[in-house]
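Welcome to a short tour of one protein model. Please have the sequence and the 3D view at hand, and follow along section by section.

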Amino acid sequence: MALTICAGLVAVTNTACASGPAGHLPGRSVAAIAGVEPARATGYRVPRGALRVSTSSELRGALRRHDRQDIVLASGVYGGRRPFLDPHAHRLYAAHPGRAILRAGLSLGGNTGRGGAVVRGLVVDVADRSRTVDGAAIAVWGVGRDTQILDTRVEGHGTLPAGISARRPEGLVIRRVRASGFTDYGVLADANEPTSSTPADRFTITDLDVRHVARVPRGSSNGRAEACLWIGNPGDVARVRVRDCGWSGVWTGTATDGAHLSDVDVDDAPTGVYIEHFTTNSLFEGLRIGAGVRVGVLAEWDDPAWGGRPASVDNTIRASRIHSRLVGVYLDDGTTRTVVADSSFAGQSWAAIGDFRGQDNRETGNDFAAIDAGARQVRHDHLGTARDGGP
């Protein structure tokens, strides 16, 4: 079935044009959306009685202790040929934010130990993959649930695959983090378990700024990487700005059920938000997609490789400003009960919304006044018919 067009907000109360999956509450008006400026790192007091270290050997020795403790790093550079391992969930603080610099990766978790590590105020700046766990400046894995990464910066110099790779995202908290210079992911929160039960605790990512995530040549991952932000589990994401992403600004999939992404600002990427297998019952609101993006939001097709199941089911895209140059939102073959509501579109040359062989998708309350003169508000042919090619 094709996407149903409702004339305005009053129609949202009608059964045929109900906007959004059950449980999604109304949000703000698109007119209220401004540019996203993630909060910067904040000051803090280090805990009293903390163990203080000032050399790499002292830090490694402190991390080997089994009893969980607060560790304060003096300003300086901490290096070595192997990563810093924290399987015992110690809490790490820079004595002065931004002035304790790790030149080797940081591992939070392990095969044994406990969760609940804290990292605050550090800079993890690594150019050599051999000094990391699995290529991540900060790796969260194994027992490392309930990790907090706060007021921290990660740098990869275009050589490391990932800034923060959280393969144990339950209870993860990332706040006021900046990431730059990676080949695959700026920040990843994905247990990579598409058939597992939903984690008991959601993750939270707020005030994130990610830049320069791409392989050489750009796009060579074919959608399997090169995402500034990669989401694969239920969680809450807010106030995110991403720039210069080789494939997508934000990727969602794996087991993203009931996620909420708000105030996400994407520019300079082929695709702004890539909705992949399997993203369900999730809300995307307050998106800001810039003119440096070709496809604003893309819902992947029902590929036979996935048993013919659609990538996007019961998701809502609302109250957003989408200025992508080719198409604003493209719902590929099989996309099901996906809603595009209360959003404004500008500068698209092909269509504001494309819905190719969708199932009960809906569109309501959108503003198409600023799309290009030759573009259509809604199209039902494949994006491959566009002059500059397919998705």
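## How strands pair

Two strands count as a pair if DSSP finds at least two bridges between them. With that in mind, take strand β23 (residues 279-280) and β27: two bridges join them, and the two strands run parallel. Within this pair, T279 has S312 in β27 as its bridge partner. Please remember throughout that this is a predicted model.

The pair belongs to an open sheet of three strands, in the order β20-β23-β27 and with parallel pairing. At its edges lie β20 (256-257) and β27 (312-313), each of which pairs on one side only.

## The overall picture

The protein has one helix and 36 strands. Of its 391 residues, 59% are buried. Its accessible surface comes to about 15,500 Å², and carbon and sulfur atoms account for 49% of that.

How much of the contact list comes from residues 24 or more positions apart? Among the contacts with a separation of 6 or more, such residues account for 66%.

## An enclosed strand

Seven of its seven residues are buried, so β26 is largely enclosed by the rest of the structure. "Buried" here stands for under 20% relative accessible area.

Which strands does β26 pair with? One is strand β22 (residues 269-275), which pairs with β26 in the parallel sense over five bridges. Another is strand β30 (residues 327-331), joined to β26 by four bridges and again running parallel. You can follow both pairings through L298: Y274 stands opposite L298 in β26, and in β30 the bridge partner of L298 is Y330. As background, strands of a sheet pair through backbone hydrogen bonds, either parallel or antiparallel.

In soluble globular proteins, nonpolar side chains tend to be buried together. Here the largest nonpolar core has 79 residues, and the members that touch the most others are L59, L73, L102, I138, I205, L229 and F345. Strand β16 (residues 203-213) gives the most to this core, with five residues. Apart from it lies another core, of 20 residues, including A136, Y274, A351 and L383.

What does F345 contact, leaving aside its neighbours within four places in sequence? The list holds I322, G328, V329, V340, A352, I353, N366, D367, F368, A370 and I371.

## One disulfide

The count of disulfides comes to one. This disulfide joins C228 to C245, with an S to S distance of 2.2 Å. The link is left-handed, with -105° about the S-S bond. It connects distant parts of the chain, 17 residues apart: C228 sits in strand β17 (residues 227-231), and C245 in strand β18 (residues 235-245).

Are the two cysteines, C228 and C245, buried or exposed? Both C228 and C245 are buried.

Most residues other than glycine have a negative phi, and most peptide bonds are trans. With that background, a few places are worth checking in your viewer. A cis peptide bond joins V216 and P217, with omega about 0°, and P217 is found in the loop between β16 and β17. The peptide bond from H277 to F278 is also cis, with omega near -5°. F278 lies in the loop between β22 and β23.

For positive phi, look at R176 and D342. R176 has phi near 55°, a positive value in a residue other than glycine, and it lies in strand β14 (residues 173-182). D342 likewise has a positive phi, near 55°, but its place is in the loop between β31 (339-341) and β32 (344-346).

Why does each of these residues count as buried? The cut-off is under 20% relative accessible area. R176 has a relative accessible area of 17%, so it is buried. D342 has 15%, and therefore it is buried as well.

Terms used
Residues numbered from 1 in each chain as written. Predicted model: local features only at pLDDT ≥ 70, side-chain atom pairs only at ≥ 80, totals over all residues. Heavy atoms only, no water. Core = buried A, V, L, I, M, F, W, Y, C linked by side-chain atoms within 4.5 Å. Buried < 20%, exposed > 50% of the residue type's maximum accessible area, 1.4 Å probe, protein only. Contact = heavy atoms within 4.5 Å. Disulfide = S-S within 2.5 Å. Areas by Shrake-Rupley, 256 points an atom, 1.4 Å probe, with all protein chains shown as cover.
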